[in-house]
Amino acid sequence: MTWIKRIGFFLLTNILIMTTISIVTTFLGSMGFSIRAYGLDLTQLIVFCLMWGMAGSFISLLLSKMMAKWTMGVKVIDPKQASAHEMDVYRRVQSLAQRAHLPMPEVGIYESPEVNAFATGPSKSSALVAVSTGLLNRMNTQELEGVLAHELSHVANGDMVTLTLIQGVVNSFAMFISRIIAYVAANAVKEEMAHIVRIVVTIALDIVFSILGSMAVAYFSRQREFRADAGGAKLAGRESMISALESLRQMVEMPEDPRGEAIASFKISSKKGGFLSLFATHPALEDRILALKQMR
């Protein structure tokens with residue numbers, strides 16, 4: 001597994017979007033309005049960075065459901081044409097959504113040997129819950145119920161929007177710092193080289209700081225996982241939630257999806273350790289199980 005795999009699909013999409021924004025705005029010379037004879041206009045620079053930083057994260061959010069369907073090959077279940085197997089999954093999600101007082105999300109299944117499920121979408125009224133064929137083939141009814149309850153808890157808690165706001169702040173901070181450093185670097189070279197230095201340094205640091213900033217987003221993501229586990233326990237029962245996580249823990253050598261390089265934020269577990277655990281979007285299964293057992 002490469003480290004890119006565990007940054008997460010949402011984080012990777014955001015980095016690509018922010019890189020595009022950085023290149024476009026830098027070559028259009030949009031940073032110029034923040035430069036005055038006496039130096040940088042920090043107020044205008046902050047406004048610029050907040051505007052584009054938040055825009056980048058919300059573009060990622062708006063694209064999340066469409067990108068998930070396209071990347072994972074999700075087949076959305078149509079109740080009018082669904083098989084008995086598909087209707088079973090659909091009705092389980094429907095029942096849990098009613099218990100959670102949520103609008104009915106889209107429900108989908110995708111081909112993958114991995115035991116996996118995810119929820120995404122820009123809002124509670126426009127959400128998608130998808131499960132892999134590997135999960136449906138390997139988990140029993142109780143475990144499936146726990147997994148679906150966990151994913152719907154993400155929707156109920158508004159986790160995608162929360163992480164989007166956090167990512168927006170991270171984006172803004174990254175853009176602000178990179179442009180200050182680029183300004184200093186440009187002033188340290190000959191005048192004829194200043195413009196190209198500012199462009200190169202700005203783009204390079206936007207990418208670097210976005211990657212480093214993803215650690216902060218991943219940290220908050222891990223905290224939201226514990227909350228989603230607790231919500232799943234309330235919806236489907238604590239034993240169902242624990243049973244699902246125990247089942248996942250026993251599947252240490254489960255097959256990997258060949259598309260894994262870009263789908264880590266859609267995974268319901270994480271196997272990373274050491275420094276790379278800072279990029280993990282999910283806590284260790286052992287920690288999640290322990291938290292559930294200690295939950296009152």
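A crossing of two helices is right-handed if the near helix is turned clockwise from the far one by less than a right angle, and left-handed if anticlockwise. The model discussed here is predicted.

Q: What is the handedness of the crossing of α5 and α7, left-handed or right-handed?
A: The crossing of helix α5 and α7 is right-handed, and by the definition this means that the near helix is turned clockwise from the far one by less than a right angle.

Q: Why is α5 called oblique to α7?
A: The axes of helix α5 (residues 141–156) and α7 come within 7 Å and cross at roughly 125°. An angle counts as roughly antiparallel over 145 degrees and as roughly perpendicular from 65 to 115, so α5 is classed as oblique to α7.

Q: How do you know that the span of α7 agrees with its number of residues?
A: At 1.5 Å a residue, the 46 residues of α7 should span 68 Å, and because the end C-alpha atoms are 65 Å apart, the two values agree.

Q: Why is the pair Asp 88 and Arg 92 called a salt bridge?
A: The closest N and O atoms of Asp 88 and Arg 92 are 3.1 Å apart, and the cut-off is 4 Å, so the pair qualifies. Both residues lie in helix α3 (residues 84–99), 4 residues apart, about one turn of the helix.

Conventions:
Residues are numbered from 1 along each chain as its sequence is written. This is a predicted model: local features need pLDDT of at least 70, side-chain atom pairs count only at pLDDT 80 or more; totals for chains, interfaces and linings use all residues. Side-chain values use heavy atoms; hydrogens and water are left out. Helices (H or I, at least four residues) and strands (E, at least two) are DSSP runs, numbered from the N terminus. The expected span of a helix is 1.5 Å times one less than its number of residues. A salt bridge is a side-chain nitrogen of Lys or Arg within 4 Å of a carboxyl oxygen of Asp or Glu. Axes are lines fitted to C-alpha atoms, for helices over the stretch in contact, and angles run from 0 to 180 degrees between N-to-C directions. Angles under 35 degrees count as roughly parallel, over 145 as roughly antiparallel, 65 to 115 as roughly perpendicular and the rest as oblique.
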